[in-house]
Amino acid sequence: IEYIYILVNPGYPEIIKIGMTVRTIEDRIKSINATSTVNEWVPKFGLAVSKGSAFNIEQQMHKCFAHHRINSDHGNSREFFKLSPLTAFDKLREIGSLHQVGDPIVY
């Protein structure tokens, strides 16, 4: 099982992070928060998907919300979007439905 997740950060209330992991969402958040962040990222939604499908679903999500993407000052693409977490979750459930394993995760 792999996971697609949507994270929020109280320091950036209008921004979400859409990512994927082959570990648990909790393990992934620990590694993200171990970097230099002022406020920690917290999970909002997640979707367990079949092995080998998370990367493709994540890329579809990023493409779908490309016009909401926040790039770095150097123009690098990142996994951050100025977007409602619920809007992202609705699209995740739609895109991931064919590969979904179990119920959606709501934190």
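Tutor: Start with a definition: by relative accessible area, buried means under 20%, exposed means over 50%, and partly exposed lies in between (1.4 Å probe, protein chains only). This is a predicted model: local features need pLDDT of at least 70, side-chain atom pairs count only at pLDDT 80 or more, and totals for chains, interfaces and linings use all residues. Residues are numbered from 1 along each chain as its sequence is written, and side-chain values use heavy atoms, without hydrogens or water.

A salt bridge here puts a side-chain nitrogen of Lys or Arg within 4 Å of a carboxyl oxygen of Asp or Glu. The whole structure holds 3 of them. Helices (H or I, at least four residues) and strands (E, at least two) are DSSP runs, numbered from the N terminus.

Take Glu14 and Lys82: their side chains meet at 3.2 Å, N to O. Glu14 is in the loop between β1 and β2 and Lys82 is in β4, so this pair ties together parts 68 residues apart in sequence. Lys82 is partly exposed, at 48% relative accessibility.

Next come Glu79 and Lys17, at 2.5 Å, N to O. This pair also links distant parts of the chain: Glu79 is in the loop between α2 and β4, Lys17 is in β2, and 62 residues separate them. Glu79 is partly exposed at 22%. Lys17 is buried at 6%.

Lys91 and Glu94 meet at 3.4 Å, N to O. Both lie in helix α3 (residues 85–96), 3 residues apart, about one turn of the helix. Lys91 is partly exposed at 22%, whereas Glu94 is exposed at 51%.
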